[in-house]
Structures are given as C-alpha cells and as structure tokens.
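How do the chains of this model meet, and what lies inside them? Look at the structure first, then read on.

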Amino acid sequence: MSKPKFAMYWASACGGCEIAVLNTDEKVLELDANFDVAFWPAAMDVKYQEVEAMEDASLLVTLFNGAIRTDENEHMAHLLRRKSKILVAFGSCANEGCIPGLANLSTREDLFERAYSGPSTENPEHLRPQTIWRAPEGVLTLTPLQPVVRTLDQVVEVDYHVPGCPPESRQIAVVLDLLIAVVNGAAELPPKGAVLGAGESTVCDECPRSRDVKRLTKLSRIQELPSLDTTTCLLEQGLMCSGPATRSGCDSRCPNVGAPCIGCYGAAPGVLDQGARLMTAIASVVDEKEPEAIDRVLDGLPDPAGTFYRFSLAHSLLRANRAALAETP
Amino acid sequence: MSDSFEPVIIGFTCNWCSYRAADHAGMTRTQYPPNARLIRLMCSGRLDPTFVLKALADGADGVLIAGCHPGECHYLEQNYKALRRHRLLQRTLAQFGIEPERVRLAWASAAEGVKFAAEISEMVEEVRKLGPLNWPARPRPLATVPADIPVLSEVAA
Amino acid sequence: MTSQQERVGVYVCHCGSNIAGVVDVESVVKFAAEELKDRGVVLARDYTFMCSVAGQELIEQDIREQGLTRVVVAACSPHLHEKTFRGACERAGLNPYLAEMASIREHVAWVHSGHAAATAKAKSIVSGTVERVLKNEALDAIKVPIDAATLVVGGGIAGLQAALEVAEAGYEVYLIEREASLGGHMAQFDKTFPTLDCAACILTPKMASAGSHPKIHLFTWSEVEKVEGFVGNYTVSVKKKPRYIDEDVCTGCGICVEKCPVLVVDDNFEAGIGYRKAIYWPFAQAVPNLPVLDPDTCTYFIGAKTKDKGGCKACEIFCPTVPNSILFGQKEERVTLKVGNIILATGWELFNARRIPQYGYGRLANVFSNLELERMCNAAGPTGGKIVLRDGQTAPKAVGIVHCVGSRDRNYNPYCSAICCMQSLKLAHLVKERSGAEVYNFYIDIRTPGKDYDEFYQRVIDEGVHFVRGKVADVSDVPLGPGEESGKLYIQVEDTLAGLQRRIPVDMVVLASGLEPRHDSAEVGKTFGISCSTNGWFIEKHAKLDPIATMTDGVFVAGCAQGPKDIPASVAQGAAAAARVLSYIRQGELALEPVRASVVEEQCSGCRLCNGLCPYNAISFVEERRVSEINAALCQGCGTCVAACPAGAIQGSGYSNEQLFAQIEGLLREVRHETEVV
Amino acid sequence: MKALFYPGCSMQKNARPYLDSLLAIRADIDLELQEIDDWNCCGATEYMSVHRVAAHSLIGRNLALAQQQASDSDVLTAGCSACYLNLAKTDAQMREDAHLNATVNEALAAGGLAYQPGSLKVRHLLDVVCHDIGYAAIKARVVKPLHGLKVAAYYGCQVARPDYDGRWDCHEHPTAMDQLLRALGAEPVEWSLKTQCCGGHMSVIGPEVAFGLIRRLIHGATQAGADLVATLCPMCQLNLDAYQVEMNKHFHSDYQMPVLYFTQLMGLAFGKNAGELGIGKEFVDAAPALAKIQAEAPKVAEAKRKRRPKPSDGLPPPRME
C-alpha cells in the first residue's frame, strides 16, 4: 500500500512555521516514514504545475501556513483545497493574519509609500514594484498585492486549525503524532473545525507568576520599567500582557522569561474577537473614574489596535481599516 | 451622500436608567427620529466592545451606549467601566478609520426622556452628516472550490 | 438547539390605538409570519390588548395547542408587562424565561409619527427579539429568604408612622434619626392646616410611642454609613455620633442645660430666630429625653482644642447623677444591623431664600422665612407665639407673604413645593389672629387640592386677608420717591388681575420658601443604591402604580424624600411603605430574576482580572484550583464581569453573548449582508 | 494680562475721567490694553430696537476689527456698560442664530471683513479687573488704603444681566465690586439697589421718570450710610452725578452724593494724585467725602470682646450665610 501524501505550503508568512516543523527534530523522520511528502516548497523542489496535475483530493493532508495577501496566495489556497482531503490552517498567519495582517491598518498605497519611499529607503525615482515587466529577455510577472490580508478560512474551507506564531514544536509533534495515528488506524480525526495543538484556556492558566486583583494606574512599555519582579503577574506590574485573552498551549513561554505575552495563540475558545476581549479587560481594570485620568492611563498604550490585534486583526470583526477595505471589490 | 440617507443606530441601554429614559420619552410623547434600535442590558457595565464591533461590522452606521449618570449606577459604579471601555474603544476605532461620532456614550437617568431623545436626535444628525458606514461583510468561503482553477501563469498575465 | 427546531409565536399588540395608530400592526404580523418563518416563527397574531385576560389566554392556548416553545410579545415596555406575559407562559407550561417582549409602544409608537418609518422600526425590533428569544434558556427564579427586621431611616412623621406600623405587627424595627430627637420638621410647626390642630398635640404621642415601643430600637444622633447586601438580607452600618452624655445614666433632669453659660443661635430647630445652650435639648418634648452637647460651641471643647486645657465644665460640675452623666471623652460608635427591608423617610430641607437676593432675606432684618415664622407662631418658640419684628417687641402693622419662593421658577426649582400655599394661608391666618396686622399674599396660583383645603382658603379670604396675584419682583427698604415713607419694606409686584404695578409697603415680609431635597440626597441615595430625579428627590419605582418602592428591591420611600407632600400624604405613604414591607416579611421569601453570572471553570485561567470588578464582592479566587468563582447569592446580575472576562469564561444567564449577538443580527436584518468569496 | 480695548464714545468725552483713571492705573495692575484701530460707534441702547440687523452689523464691524487685530489675547474689554453689552449681545446672538450670523457676515463682507462668533471673549472692564487681575494682586498694589470710606457699589442694569457667559456670582446682587472695594481698604455698604436702573436715556426723553429713579438710588446710598457711590458705567455716572443737581431741584431736596468710577478709587488707593485720575471734574464734589481718607487712617480700635447675646436683645440678627 502506498503511503498517504503530505503537503506543506508557505503563503504570506515569514517562514517561522516551516522552521518550527523542522524543530520537531526526529519527528520529521517519522513524518517521512508514514507519509509520502508530495509537495513542500521549503524542503523539496516541486513545481506548481505538478500540483495542478495531481488528482483532486489526492493529498491526504496539507499544512497551509501564511496569510492570503496576493493573487498567488489565493490561487494556491484554492488549488491546495482542491487537491487536499484535509486542509490545516497552520500557524497564526493562516488562521488569523498574524503580523502580516497588521498591514490591514493601512492601504496598499500607504504600504508602498512606507516601503519604497520611507525614511530608510533610497529611491529618488520613486520606483514601485510592477506586476508585469517586459525585459529584453522576456516578460516578467509579479503577483499583485490584494487590498487586504485575508485568512485562509476567509478564502477556502478549512478543516483544522493549528494556532501559534509559530506553533510550538512540542505542539506540532502532538499534531503529527495524531496524524500518524490516524493514518495507522490508531486514532480518529477530531470533528471538523477543531483547534489542534493548543489548550482550552488562556496563557495565564500555564503562567507560573503569582497574581492578585488588578488595578491599573499606569501602563508602561517594558523598556520603561527600571526592573521587573520575576514572580508576579506582568499586567499587575503595568505591562500590557495579552496572556489573559490568549489561548493556552505555549506553556507561557514569554511570561516565563519576563516578556509579556503578545497574543500569538489567538483568541480563547468561543471568543469572537480577541482584540475586543483584551480591550474590555484592560479598560475594566483601569483604576480611574474621571475621563482625563482614564486617558492618562490609556496614553500608556500608544497603538491600541496594533497591540490588541497584533495577531488577530485580519480575522477580527472589523478586519481592516476602512480605507483599505474600501479597495476590496 | 444623499439627503435620503437614514442612519441605522444600535443603542445599548441599561435596564435601570437609560432604557427607562427611553420609556419615559415614550410616556411623555417626546418625539425623536426612528433611527435607533435599542437593546436592553442590565447595566452599561455589561457592554462588551464586541457588541459594538459586531453591530458596526453587521451594518449599523452608529452605536449608542447609554447608562446611568456617573455616580448614579444602579450597580454602584459599573457605568465607569462602560466609560473606560468607551474611551479605549474610541482610540482603537480611530485606527480603523471609524469616526468618534459613530460610537456615542450618553448618560440618562430614568427621568430624562427628553435628554435621551435629544441624545438620539443629535447622534442621528451627526451620523447622517458622516454618511453610511457600510462596513463590508466578512468574507465567507464557498463550500466547494470552483472546479476550473486557472493556471497561475495565466492569472498573473 | 437550532432555530428550525424551535416554534416561535409572535404577538403584536394594538394597545387600542396607542400602537396601531402609528404602527401598521398587520404589516408587522405579516413580516413576522412570512419573513421570519425560516427563523422558527410558526405563527404571528395581532390583538387589541395583549395584556387583557383574553390576550393572555390567546398565548396560553397557542402554547398548548400549537406547541410553541418561544413567545415574543410586541407591545409596551417590558417594565410594564414582562411579568404578565411570563405568567401566561408559565400557566401554559412554558418556562417563563422563554418569553420576550419587544417594546413597540414606548420605543416606537409614542415617539415616532411617520407610519412607514415606525412600522419598519417595529419590524426590526420584532426581528431582533425573535433572534434573541431563540437563544433564551429555560431559567428558574432565584429564591431569597427575608429577614423580618426592618430599617427605617428618618424619624419625622413619615418614618415614625412606618416604624410604628411595622413594630405593631410584631417585627423588629431599627429607627435611625440624624438629629438628636425624633419629630422632624413637623415638631417645629405650631398649627397644622387646614384644621389648625396643634402639631405637638398630634405628633408627640407618636414620638413617645416610638420611643417606648419594645420592638423599636431607636438610634438618634446617628447616620447610616454603609449598606451591603440585597433584598431580604441587608447589612447596615450605623454611625452613632457622640452626645457626650451617658445615655444609660442621664435622667434628663436638665440641670446641665440650665447651668450652661453659653448661648448660641439655634439654626436647627429654631430656624435661626432663637437661641440654645451649648448643651441643649433639641426641644422640650424631645424623644429620647436626653440633652446633647455641641463641641463646636462648648467652652470646654474650644479650650481643649486651642489652649490644651479645658474650662467651664459647669454641666459636669452640676450633674446630679452618680456616676456623672457628662462624658467629655465619648467617641463615635459604629453598630452593624441585619435587616430585610429598608424604608427611607429622610425628609426635606428648606429652600435657602438668600439665593434670591432681590427678596432681601438675610440682608433685610424683617424679611423672614416661612419656617422662621412657624417658630415665631409657636407658643414654645423664641417669641412665645408673639408676632414681632426683629427687635423682638414691635408688632407689625402690615405683613406680606410671598408665595413660590424658589418653587415653580426655572432659575431655582421648577417644581411646585405642594405645601407652601396652604402653609402661607395658615400663617396668614395666624398672623392676623395674633397681631391684627393687614396681611397680603402674593401668589401665582393658589393650590388647595386637599380635603377641606379650599374651604380653608375661603375662610382666610373671609377673614380679610388680601390676595394679590403676581410674582414679586423685588423687596426693598428704599422708598422710591418722597411720597414713600422710610423704614418700611416695599414689595414691588405686578398685580396681574388689576393689570398694574403695585408697591406695597409692609413691616414684615414672609417668604414661602419651597421644599428641597436634602443637600446630601444624592449621596444617601448612593448609599442605599437608589437614584434621584433631576430635581434631587428619590425616584420611586413607578410614578403612578408604585410610588412607594424603588428600583432597588427591598428599599422603600416615604414622605418628602420622594417629593414634596403634606402631613396626611406623608403619613399615608409611611403606612403604605410599612404595608409593603410587612407583605414581604409575611411571604418569607422572594423570587428574584435569575439574571446571574457564572464562571466556566475549564475556560477560566485564574487571571483574576474580574476579581476587583464586582461592587458586591461576589467574585472570589479559589487558590487551590486557581480559578475565580461567583457567589450566586451575592451576584446582582449586572454583567460587568461577563463583559470584562478576557477569556470569555464568564457566562451571564438571561443576557448571554449568544442572546445579544443574535439580537444585534436580528435588529440589523435588513442592512446585514454577507458576501461570499468566489 | 493683555486685552483688546474698545473705549467707546463716552470715555472719549463725558466719561474722560474713567479713561484717564484707567490709563493711570493700568501699569500698576499689569493690564496691557490694545485699542481697536478704527473702531466705530456701538449703536448705544436705542439702535438695536430700531433696526436689529443694522445694529448687529454696526457692532459686528467692531468685533471683526478686533478679531482681525487680535494677536496675543482673545479678550475684548470695554469700560462702558452699554458698549460692553452691545458687543457681548451681538457675539452671543450670532453664536445662537445661524441666520443672523450669515446676514451680519454678509454685511461685513461688503467692507472686506468677517467675524467668527465666539472667537473673542467679550468682557466688561470690571470683570477683567476682578476676575483676571484678581483681588490679591490689586490688594498688593495698594499703598494708601481707603480706610474709613464707605462706598455703595453700584453696578447698574447692563453688566450682570443677561450675563451671557456666566461671569458674575449673582445677577441681582453681584459682589465683585464690593470685594474690589474691600481690597482697596474701603468699606462697601450693604444696600438693595445695586442693579436697579439709573434712568438711562430717560434723563433726556422723560426727565421726571429719570429723576425718580435717580433719587431712589441716591436716597438708597445715603440711607445705607455711603460716603460716595462707585460706578462702572459712563451713563450711570452721568445720570447719578450730573442729573443729581436737577433731581434735587425737582424734588426740592439736597442730596450731595458724589459718584466716582471704580478706577478712580483704585487710583487713589494706588497713591495716584486726584488730578491725574480726573477727580474734580464731577458735578457733585467728591472732595468732602475723600477728605475722610486724606488723614492718616484711623487706628481700628481693638475689637471689644463680643458680648454674649441675650434673648432680651430681640431676635438674632439676619445673616447672609
């Protein structure tokens, strides 16, 4: 019997998810032993045309990482959906837009302006990337940037979600073990739509720091604090920690080493909008009553949307800035 | 923007003051524009910013949050939580390009039907001036992928 | 459960023409029946009066015969008839919390006039309510036991009446009075209108019975500091201010008062026109019969504060009791009481006429307030009942009584103080009877809507009292021309009946200052969890149908604290409040709305963010399991923690996220659009 | 403190002592006045009832010029009550009435001007002196306290009412000037007629009506034991002072109540000489009254220990608190 086929694809993302899979060490060998790796651009040379030539649903499972930012991303999402029995939104980008999703607060023009005419760019001719370039050697094409970043499940149906930026290697191993077990008939697939490789509570559940009632009178950035207490809750020390509103599963990696959680595992189960949960939670414990005094505390959060929606913007209720959305067809 | 634009406003009111202020406006036959549709909460402290985001994302042009006057909350001081959330929400919404007039916080006691009506009238006019928000709906994927996916090189060309 | 499995019945009420006159009821019914069919609406009906017995039976019948699992009644405000329709559901075997009301009368028909827009709004409200009710869950009312002990705050006539009624029924009453004696304002009056019986004669027996009643525990010179808990189970913290008197030893002989050498103006009981000692009785018939020492004027206390040594101590020296009753070192005490219900009868304050400087009060010697004149008329007052000018001797030959001072005036208080017309007529009668002076009343309208009140007005007219209809512009001691006599007070008024300006010279002006809420009524309201109207009076639960209860269950109002009223109305309201409390006590337990928050432990990470948000301290942290927990008995259901939980781990019954999200979607039905990616 | 200044016509002529005394004291109280260049008549009290739009436009021109010339301060002050009220009224009504605003600005546009209502803070001079300079700063400048001088503070009808921006403690019975007088060392008397009418232009149109009103004020001040009346308005000063003589003739009376501007009293307390302050130009000679303060201020006798009240003294006296 031939081995079931496995694919992994990298759309708009940094590549960290790919590294995280490799970081599972010998688990990759087990993967190879149980699957026929049919398509994995980061690991092997396969052309898109070869994927297009595959039979529909011939891939058992595809781990899709990266957001949908370009026409090419969208095309590959459709293609892989078609060729895969199980499509997994793998990592924060595919699930909720992640850091690339933050670009949704700006229009494409703003982004180009920043990238190609910003203070650190030398570009006196105001060159901009072109989608088609006719060179003497032939026509070069570059996939067009879409108006906003979308998540995989806003483009195609997704079977499972593995959150994290990147997903913890320990958790990836759990997911791979599950897949291998399913292939060998030792386990059944969880219900469609399930979140794999994560906990059911929030980061605080795993965070060892001691905690008390919260009364925020000042919010600081970490570099502004002279020192940090190593054992008490970071939020209580005035740091914006996203832990209370972020799905558990990472073993509270960041708070463990004194860095506040930035929310990469996304919203807790059943939550519609992670940013709104952070917003309401933080605002609720501001210990002031007068509007001016409240504002003074909130001034400690210079970029609320970027803070609360650092990872989940593209998947949030509003998804993007109004001007950027206005460019969508 | 056309003159006939009638904004749709979702109003979140508390059971003790602002919802009763709306009742009071009724009892005193205080007329105000019919653009606001009210939802009763027990307290403005129940106001979850998610409600506001959802209302705006689902087609409302504005959201009114109304509670008891500061210091007069039926639950002692929960309306201050609404105040804080509103201020943070406003800061966040600004980054999404949503004008502050679209999300108004108002205080009205059970006896202030006239004030409540005036708040709605003012807000309707302000939002009318801003024009429709018309937030694009969340994309939902089709259950099936089209059978004929074009070859990528053709898409790019 | 999905909407397909639910069977929703929608009922649209005409409310006579109240709703149907503006909203196209038929169209709303059609909308519900056709467009909301796929949402689970299996029948939609309209009816003239849904709240009528027939209307309710309609619902009951449909539940039984059509198998409705959810009910929506589009009618008036839920504050009026939610209970009615829930009752109908319950009778038909449907959990009452599976019914919802859509307010299309108060929120639509009564406030909008355009038929099309009003009908469209009514439809969206119905749609929102249908979506919401689909997410409703069957709930059971929460039962709480009622502590039979009752707190009455305020020892004026309204509070006395309430306390006596509850105590007579055999239940404990704690009666708290801020002043040193029971009696309130009524004790200051001489006669009461319209019968002119003496206030003391009818009040003091009540004070005495309250003072000696075995079931009434008196706390005078005391104030309520903190109230915690909820109906049936309040914990009240009372501050007892020091009297500097040993209450257990003092016999009330009065030697200390007699010997005290310090005489100060009594701004309280004597309203500023009489004197008292530094140690004093509030008044002769005070209950309890104990003096009180005022450390701000007592020579000993002033000396102790400024020169590190006391002085005088005459009271202590002459006190005949053993041990000595004078306790210079007495301190404030705090007492904690457990009660089931609270009656607030905190009364009123007099409008400060200095705020209208053109009337000269506080500046011109012979301009008096009505309360000052009450004391002047009183045989036990500073002038022994004689009507005299400021010099204490001269009888006035002409007296002007200015009505509506601070009342019915947009610059001060817009409301009618209700009692000042009758009080002014009474004072006019007494002044005329005692001094023979000419008496002029300057009024806007004379309001005498009580039993035998207008008869009294006619009597005063017959006695020769003058009535000038017009608002007084100015009271001045300066004559306008050489034709006017010096030494008089001139009342400048437009006589609107004669159509001319008048300047009437008098010797004495009496300002019928209106009633105002206590200066700290907002704070007191906050302590007891109730609110004040824009004018500062405590808000009753319903202006007509429940002028006794408040929005806070178990807290009732009586007397002028709720709004200006005369003695009979105060007594009636005091008794009514007592009856309401007795009804609760007899029921033994109360059913409360099952709107409560609860923590889903599996989702709670124990971040403790919610812990400080509850004003009732219902949220606690369980160290062993590292989760937060909500005490359902303490939770009042505001939902603040539900909205604040960052993990979405707190659920709110009755107002769940699912219900509210669904309602938002339903309300936005016609503007909501979902695009699909192609 | 800097302010734009609208002098108005009275201060140029009959109320010259008001202007002179103001100029004499402005350095002492650190008040820098920038006169509006090319100002015109305020329309006095009558024009508004003759033609509302024209009157507002006339005043609007002054406001527009002031707005145009404003550099460091948005405060526009006037010493004359009528000038002040007209400026304040036009500003307030233009703020409230969009139609009027448009009409006035249309008229102003013909002269190349425009006024944005609300852009200036229109304030009476007394308001600026009492509330911006402040009593403490004034008291600190006093070198010759007016001890022993009893003064009736007279505000007239136009300053405290209708009080568009809520600047006065009480409309019927204001106390700002009383407090100012106290800061100068004088003793303000308590009297009923602080904001009663002085007769205005009735002294010209219907003198008998004016005489009655003037007499009442002068009698009231006399009855209250005042040595002189302090005023803040050229019209009031003119009526009470110049027409006092006529009034005496009319009633066969012999009141001698001097009427000075509050700025003149400030000047005296600041040690300026009377001539510099325009004192001496008044009809009713202020010299006898001012003689009280020429001498060394009488030593205030050590207050005798207050006698304990006895009920036989009559009822306790009335109090303002």
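Predicted model: local features only at pLDDT ≥ 70, side-chain atom pairs only at ≥ 80, totals over all residues.

## Which chains touch

There are 4 pairs of chains in contact. Among these pairs, chains B and C share the most contacts.

Some chains stay apart. Chain A and chain D do not touch, and their nearest C-alpha atoms are 24 Å apart. Chain B and chain D have no contact either. Their closest C-alpha atoms lie 16 Å apart.

## Where B meets C

Chain B puts 49 residues into its contact with chain C, and chain C puts in 50 residues. Which of them gives the most? It is α1(B), with 6 residues.

Sorted by class, the side of chain B that touches chain C has 27 nonpolar, 9 polar and 13 charged residues.

## Where D meets C

Chain D brings 23 residues to its contact with chain C, and chain C brings 24 residues. Helix α11 (residues 207-223) of chain D gives the most to the chain D side, with 6 residues. That side of chain D holds 10 nonpolar, 7 polar and 6 charged residues.

## A helix pair between A and B

Two packed helices are described by the angle and the distance between their axes. Here, take helix α10 (residues 274-284) of chain A and helix α3 (residues 78-95) of chain B. Their axes come within 8 Å and cross at roughly 135 degrees. Angles over 145 degrees would count as roughly antiparallel and 65 to 115 as roughly perpendicular, so α10(A) and α3(B) are oblique to each other. The crossing of α10(A) past α3(B) is right-handed.

From α10(A), the contact uses M279(A), T280(A), I282(A), A283(A) and S284(A). From α3(B), it uses K81(B), R84(B), R85(B), L88(B), L89(B) and T92(B). By class, the residues of this contact are 5 nonpolar, 3 polar and 3 charged.

## The nonpolar cores

In soluble globular proteins, nonpolar side chains tend to be buried together. The largest nonpolar core in this model has 365 residues. Those with the most contacts inside it are F64(A), L56(B), V10(C), V73(C), A74(C), A163(C) and L344(C).

What does V10(C) touch, not counting residues up to four places away in sequence? Its partners are A32(C), V41(C), A44(C), V72(C), A74(C), V126(C) and V130(C).

Another core, of 95 residues, lies apart from the largest one. Its members include A55(D), L125(D), Y154(D) and V159(D).

Technical notes: Residues numbered from 1 in each chain as written. Chains lettered and ligands numbered in written order. Contact = placed C-beta atoms within 7 Å. Helix = DSSP H or I, 4+ residues; strand = E, 2+ residues; numbered from the N terminus. Nonpolar A, V, L, I, M, F, W, Y, C, P; charged D, E, K, R; others polar. Axes fitted to C-alpha atoms, helices over the stretch in contact; angles between N-to-C directions. Parallel < 35°, antiparallel > 145°, perpendicular 65-115°, else oblique. Left-handed = near helix turned anticlockwise from the far one by under 90°. Core = buried A, V, L, I, M, F, W, Y, C linked by C-beta atoms within 7 Å. Buried ≥ 20, exposed ≤ 12 C-beta atoms within 10 Å, placed from the backbone.
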